[in-house]
Structures are given as structure tokens and as C-alpha cells.
Amino acid sequence: MQKQRNKVQKVAVEPWEIGAELLDVLSRGLYTDAKDAIREYVQNGIDALASTIIVNVNGPAVMIRDDGTGMNKDSLRRARRFGISDKIAKHTVGYRGIGLYSAFGMCERLVIATRQAGMSELLQLEFDFGKMRDILEQDRDSEKRAEISLTGLLYEYTGFSQEEYDGDLQDHFTLVRLEGVIQAYRAQLTDASSLNTYLLNTIPTAFPKRGYGEIVNQLIQQHTGINPVDLVLRVGNEPEIKIDQPIAEDVGTPEYHILKDAQGTPLAFIWYCLSTEGERVASKTGMDEASGISGFLLRLKGFTLGDRTRLKPLWPPTGGRTLYHHYTGEVHILDNAEVYPNAARDDLEPSIAKQFLLRYLEDYFKILNGRADLARDIVKTQRRMKGIKSTLDELVNRHTNDNQDPFELYRASKNFLDVLQFTERDLLRLTRSRGRRKAVQPNEEQLTKINNLKSEIAEASQQISLIIKNTSRRTSTTSVSSRAASQAARQPSTPQATLLSEALKYIQAMQQESSNTSLTNVIESLSEAVKLQMVARAVAILDDLKASGISLNDGAEASRKKLRMLLGWSPVAPVSLEQALDEAGISLATSREQVLIRAIDRGLLSGLGGRGERYEAAIRSIIEGIVEEDTLH
Amino acid sequence: MMCAPQQRGYYSSDEKDVIRQYFDFALLQKLHQKTGSKLSYFGLPSETIQDLKTWKPILGYIAAVERNLQKYKKMEQALITQFPEIRCTVHLGEIDRVILDNRGTPVDIGGQKYATPVSDHFVPGIPLQAWAFDVINLDYYGPFLPPEIPEMPTRPHDRANALRKLFDTERQDAFGRWVLLITVGTDLGNADIKLLKSYLNSAKCDASKETCEIIDNFLNGSTNRVEKVARLVHGAAALMIATAASNANLRVTPRGTVLYHGAGGHLMTHLAYEFEPALETISALVPRTLVLRAPMLKLRNPLAAPWFELSPTQLSDLNTEEIRNYLEFLEPDYLDVICKDS
């Protein structure tokens, strides 16, 4: 037998079937903070194309006045609807039709006064929220429920009225007045500072026309079509607050990016400014992460979703830390992204589109992170350059001062050149990939900074090379007298190089004299060591040569000893006391004197254990003593 | 020729509009130029807020007082909707009590009683916790000295005390000049006239001979009833202001007294005074009982203020440009020129 299938019938839904508890559940469930209700009414003003909105909190009375288009009788009548809205989700933020009831649990009465330009009257819609709540509570406590319908409750406790308007005929506005705000909610509104921060972070207010403010206002207007409102906050008798977006002082020029999907559809407009200090933006203001200025805000139709910590989890970590707060910026979601805010307005509604958007955003944050890392390195290099410049200035001053010790100046200059080379090398590595870090694409500003640093380093290197060249002449075996100037120019630039060249010359002479082919390899290796000024290597080669049984000639042996001693010495130490005297312009008149000086030199060498610094200090002391004695006599 | 203003409320008249627009506004504009900032207002603008609408361009803060609850609510809404750029507060209650108590009667706002202090407000450029209004507009509408009626919350001595407190607080908190505008009813009954005479006579016992002569002139100067009442009102107001200002060590400059027909044909007197802190300290040194004798000049000035009768006939004869020229170039004594000296 064939079973007869039950036919499903549609049954009309009567108004009494939708209970008034729905109003209480939705409004109280969604809006737990009085500030959320204020935001809803401000949002309505923005949807009505207001340019200025005033929020006035005066004890138990709160007024929100916008200069939007206002409403006529019909639109005010429709505004009372619950859960129905004429607003289109793509064009406005509020579209659920419950925002008007956000203050349901917070105040006794809600009055909406409105007019459009040209109307002769002022229209009013009043809600007796207090009575509505009482009715619902009584019903809950009663033994037999009264089955209060939503439509019945709204009909009974709302009312329309109109009166003649005696102001300017062209005035247009909407005034929302909350009367008898319950004490617990009043406390949330009486702190002007926290209300200011809340509105600042949720409402699309304009940036002040200073710093990057004007450019960002233009960029937002250009790419999102949002006209930010002027929002004025008046709480009690406290000073009036014009709610402007805060401006960070320690950031560079604003940049922007249009985030697109794989098909090239624009999903979001991102603007950002990077810290110029290589650290957290406005770190000295002491603001916390959520309310502060650093990081990114997620905005939809200009309204903020969540606070500045909302996008932080998408940011890649760098060495266990995050550079998220090195930026200040905003992510404006565009209509094409097809995402919608949740009712609490602190995030997007879950959807595939949301996942895609956040994935693309995460990828772009990696690029921004690389730039922040680069910026931090650039700042470090800039700071290092400051030190470098002051050292360079000091060395230049010492160089121009004839009384300066050429040995010390030479050594300091040489060390400084090393520092410059290290810095240059670090600078070149900044944009390259390092370890797990990918190569960074610097922005124009960063490129300019890097190029500037390179030029500065090149200039400093040029200056210091000149100083080294001049100083090495002074420290070379010949004096800086005009007679020896031409000779000095031909000589290698450093004492080490001189010794090395001499050693090579003696070995080459030995080869010519003995025609020993085994010396060819030695000369080759030694030539390389001379070229690279590798004293230790040269000493090792000569030691090996001597150890292999080949007797060195006097010159080569002397060079080997000198080079060995040089290894333990300062690289600028003179080779002997005799030469040091010669450099100081003190000539030895007799052979007896020469013998005496050589004996002292040998004594010094053995006594001081061949240590360069002490040896150098000893001979400097001797030379100074001689000069002093000469002056006295 | 002068045209009647287009928008007029219940409390207004053509003459009142002229005073508001050409006399008072000119005076306030001068003050605005002198102070260099927008003016703070305290007073009785009435529910039609015509004064405020006229002076809106130069006002920066409004503290209004209204005694009727319904009108209070209407005024509060009108101010925030029509003056969004100006910060406004409305206080419920009798003006004298509001001044004396520094707050109005708490208003029931959705079941919660609430009143905000008058002085604890913010005026741009002026520190908090101050009473420093630039314009004080006391549009009493009724008699200058309210009669003793048991059910009325205000008494004659309240008015004197309120003025004294007003001057004291202004003296303490205001750094520069300020203007006081007073409008009182002048078609009074015998009881009101008696009260005024009594007040003027009582002041003579503490006054110098010269002052007594001036007071006598107010008491007996005219046989015409209208003019007689006007002189009594003018004299009582000037005397009270002079006394209070003297106590507070304020220098008073009268800016004219105008007799005019208000709404419903009621005869009204409008007085304007400008105050600034006096440099001389004599009133601070002399005991209060002697104050009337000591700063004699201060007392004589308000008493000898010129007055000007503005009637519909004269109104039609006045040339707007002419008035403007006078106001523009003949400051500070511009009113003397167009007013008949009493």
C-alpha cells in the first residue's frame, strides 16, 4: 500500500506571535555599554550624511544632534520598525534595523526630534522604554503570562507628535535625546576621556590638518569615498572636546596600498606611516595598545571594528618580538570584499570572504614587517653615522693640528677606516635576504636614506684615506722634510709594507745570487703576503725558509727579525730607535753615537720583551728627552 | 526707513526688536571687539530666544534661565538644535534664586532629579569654576522689585541680594568688561509704585546730600504718571545697581535707558550698563555702611544715565543707517547723542 505523503501547509504569522521579549533580548544582549548606544545614534547621523555631530552628556540626559538630512513623517514612521531597515548593507554600516533600540535597557525615555530643510514643523517620536521594561518584567514575574506582542508594546508606548518650528526654515537635523539614563550606564558616559577614546576609535572622524592629517584625509576620501565627520563631545561642565583622530609626531610620510585579490579586485585600502625612530609609534605617550595610536585599525564604511589589537595576530613576529606597533595606520575594507560587520561591531561576520581578506592582509603585513625591520636597521645605522661623523671631525681636527702624534693618529685613522668598512658592509646587507628573512623591498624614503648613508660613508672613507695617507708619510722611515718628500712618495705607505718590501727585495737578491730555484715558490708566496701586507704570513715564510736550511743573507735576516718583532708590536711602531730619531729629525753625528743608540735599542728590545707599545713609549720618551735637552742647551 | 524684523515671538515687539538689534547688539559687538573673543551669556532669553538668535554670531556660551518647566524643555531643545556650535545650558527656576543658589531647581529627567551649577561651567579662555559672563541679560518682564506675595518664591530682598552676589562673583572672576542689560515692566500698579518709592526713600538715610538730591529728583521729578513711574523704575534700578557695583568695586558706565512699548502695548524700561573692575580701592577700605558716600562718582553715573523714549511713531522716523553711524563712531557715549537727556 502506498503511503500518503503529508502535505505541508503554510500558516499565517500573526503579530501576537512575535513576543516583545525579543526587543529586550536583542537590545540588551547586543548593547551592554552605553557607549555602544551612543555609537549607534552617531552612526545613524553619518548614514544620514551629517557633517557635524554633537554628543551632549548632561547628567541623566544624553543628546546626540546631527546635521544630516533629517526625516520626514514617513521616514520617521519607518524608523520605529524593529529588525527592518531601508539601509543597504553595501552602502551603510547599519542595516539591521535594531540600532534605534540600542538604548532600550539604558534609559527611561527616548525622544527623536527631526526635520528636513523646508519643513514648517518639527517632528517627534517618543519611546517610553522605562514603561516597556516594567511591563515585560511584571509579565515575567506573573503566574500567568500575558503574551505581550512586540507590535502591541511598540504601539502602546511610542508616540508621534509635531509642532511648529520657529527656527530657520532651512535647518535640517535629527536630535536623539535619552532621558533618565540609568545610573549604571551614566557612569559609563561621565568619563569624558574614555568616551572620547571610544568614539575616536569607532567613528570615522577627520584627522586634524597638521602633520600627515591632511594627506590621509584626502587619501581616505579618494579611495573609500568616506567623508569623515566633525564630532564634538560635551560632557557635563567639562571643556568641550573636538574629537580629532590623533596624529603621531614620530612617523614618516604616509603611504598607501590597495589590497587586491588574485583576480585584481580591490579588497581594502591601507594607509600607514612608519616610525622614523625605529621604535613603537608614540611610545612616549604612554597609551595602551588598544587605545593608543600605534598599530592598525580595521574600518568598514569608516567605522572601526574592534580596537588596534584586532589585526595584531596577523602580523609576523620578528625575533620573538613584533614590529606591528612601529606603524600607525588603517585598513579600510572596500565594498568588493563583501564582508559585513558583526552586530557588536568588534569584528567581521565569519565568512569565506573574511578568511580571504585576512589572508591577503597577512601577506601584505609581511612586506610591511620587512620594511619596519629595515627601517629599524636604517635608524641604527643613522645613529652609528652620527658617532662616525663626530669621530671623523675629531680626526680631521687632529690631522690639521701639527702637534698631534702621527703614530697615534695613524692607528686611530686605520681603526676608523675599519669601522667605516664594517658599517658599509652592514648597510649593503640591509636589503638582502638574511637567514630566514627574505630580501626587503625598501620604499622610496628608505632607498633615499640608504643612498644618503652610502654617500656619507663614501665621503668619510675618502677623507679618512687621505688622512691615513698623509699620516703614513709622517710615520715612514724618512722624515717629512722636503728633501725626502719625493722619496717618501715612492715608498710603500706603511712601515709594515716597507719591511715586507725590503724582505722580498733581499730574498729576490738571494735568488739572483744563488740561482736557487726553490726560492721561486718562496718569492711567489712572499709577494702575495707583501701585496696583502700579511706580516705574520711573511714571517712564517721566512722562518720556514730558514728552518729548511737555507741561510738568509744579512738583509733578509734583519728583515725577518724586524718583521717578527713587528708582530708583537703596534703596527705603527718604528722599526728601531735609530729610525725613530731620524724621523724626529735628530741625526747621529758620530759612529760612536750610532753604536750607542743601537746598543740602547737592543737593550730596550730585550728588556721590554719586544712588546710594541712599551717599546714605542720608551723610544718616544727618549726622543722627547733628547729634544728637551737640546732646547735647554 | 527701518523695517520691522520678520520673526517675532510672543514676548517681542517692533520696539524691542529695534533695541535688541541696533542698540544692544551694537553694544555687545563693541564688547566683542574689545575682548577679542566670543561672549558668554547668562540671563533670561525667554522661550522664543529672540535675543540669542539676534546675537548668535558673537556668542560663545549660553547659560539660560527659565522658570516654567515646559518652556525650559522647549528652550533646551531649541538651543541644541538651533545653536549647535554654541555650548548651552538651561537652568530651571527664578532668576534671583538661580543666582543666589548658583543652580536651578533640579529637573525631573526621566525620573531622575538633576541640576547643574551655573558657575561650574566652561567658557573658552576662562578658567573653570568661575562666574565670568560677558553679557548678563535680566529681562525681568515684570516689575523691577517683585511684590511680596507669599506663594511667589522671589522676594524684593532676593533681587537686591542676587544683584549683589552677581556683582561680587563677576568682580572676582571676570577680568575685563562686561555688560548688564535689564528690562523691567513700567506700567505698574500703586503697590509697585509704593514699593519703589519706599526703596528710594530708604536709600536716602545712608546717602550723601548730593545723592539725596538726585534721588529726590527721581521721586518728585514729574507730574505725568507714565514719566513718573519710568523715573521711579529708572531710579530704583540705577540705585540698586550703583550700590551693588560700588560694594563690588566695579566701575559703572551707563549705556542708556530706553522707555518703549513691549508686547501687548506694555510700557517697558530697558537699561544697559557696562562694568569693569575699578582701579581705586576706596570702597574696599571704607566700611560698607559708608560705601554710598565714598565712591560718589560711581553712584552718580548710573543715576544720571541718559534715557530715550522709543515709541512706534519715533520708530518709523528712525533711520537705520543713521543709528549705525552713531553707534559706529560715537562710542562710548553714542547713546547720549540719540537719546534725550533726562
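This is a predicted model: local features need pLDDT of at least 70, side-chain atom pairs count only at pLDDT 80 or more; totals for chains, interfaces and linings use all residues.
**Entry 1: a helix over a sheet in chain A**

Residues are numbered from 1 along each chain as its sequence is written, while chains are lettered from A and ligands numbered from 1 in the order in which they are written.

My bookkeeping for the names: helices (H or I, at least four residues) and strands (E, at least two) are DSSP runs, numbered from the N terminus. For angles, axes are lines fitted to C-alpha atoms, for helices over the stretch in contact, and the angle runs from 0 to 180 degrees between N-to-C directions.

Two strands pair if DSSP finds at least two bridges between them.

Strand E9 (residues 255-260) and strand E10 (residues 266-274) of chain A pair in the antiparallel sense over six bridges. Lys260(A) has Pro266(A) in E10(A) as its bridge partner, and Leu259(A) stands opposite Ala268(A) in E10(A). The two strands form a hairpin with five residues between them, and in the turn Gly264(A) has a positive phi of about 90°.

**Entry 2: the eight-stranded sheet**

I moved to another sheet of chain A. Here eight strands form an open sheet in the order E5-E4-E3-E6-E2-E1-E7-E8, again with mixed pairing. Strand E5 (158-164) and strand E8 (241-243) of chain A stand at the edges with a single partner strand each, so one side of each has no neighbour in the sheet. From one strand to the next, the twist averages 15°.

At the E8(A) end, E7(A) and E8(A) pair in the antiparallel sense over three bridges, and Leu233(A) has Ile241(A) in E8(A) as its bridge partner. I also found helix H7 (residues 192-202) of chain A packing on the sheet, where it touches E7 and E8 of chain A; its direction makes about 160° with that of E7(A).

**Entry 3: Val232(A)**

Is Val232(A) buried, exposed or in between? I placed this residue in strand E7 (residues 230-235) of chain A. Val232(A) is partly exposed, because 19 other C-beta atoms lie within 10 Å; a residue is buried at 20 or more such atoms within 10 Å, exposed at 12 or fewer, and partly exposed in between, with C-beta atoms placed from the backbone.

Leaving aside neighbours within four places in sequence, I listed the contacts of Val232(A) as Thr52(A), Ile54(A), Glu240(A) and Lys242(A). A contact here is a pair of residues whose C-beta atoms, placed from the backbone, lie within 7 Å. I also checked Asp244(A): Val232(A) is twelve residues from it in sequence and 9.0 Å from it in space, C-alpha to C-alpha.

**Entry 4: a helix pair in chain B**

The crossing is left-handed: the near helix is turned anticlockwise from the far one by less than a right angle, where clockwise would be right-handed.

From H6(B), Lys197(B), Leu200(B), Ala203(B) and Lys204(B) meet Cys212(B), Ile215(B), Phe218(B) and Leu219(B) in H7(B). The residues of this contact divide into six nonpolar, no polar and two charged. For those classes, Ala, Val, Leu, Ile, Met, Phe, Trp, Tyr, Cys and Pro count as nonpolar, Asp, Glu, Lys and Arg as charged, and the others, Gly among them, as polar.

**Entry 5: where the chains touch**

How many residues of chain A are in contact with chain B? I noted 28 residues of chain A in contact with 17 of chain B. Strand E1 (52-58), strand E2 (61-66), strand E3 (109-115) and strand E6 (173-179) of chain A each supply at least two residues of the side that touches chain B. E1(A) gives the most, with four residues. By class, this side of chain A has nine nonpolar, nine polar and ten charged residues.

**Entry 6: totals**

Chain A comes to 19 helices and 15 strands, and buried residues make up 37% of its 633 residues. Chain B comes to 13 helices and ten strands, with 44% of its 342 residues buried.

Methods
Two residues are in contact if their C-beta atoms, placed from the backbone, lie within 7 Å.
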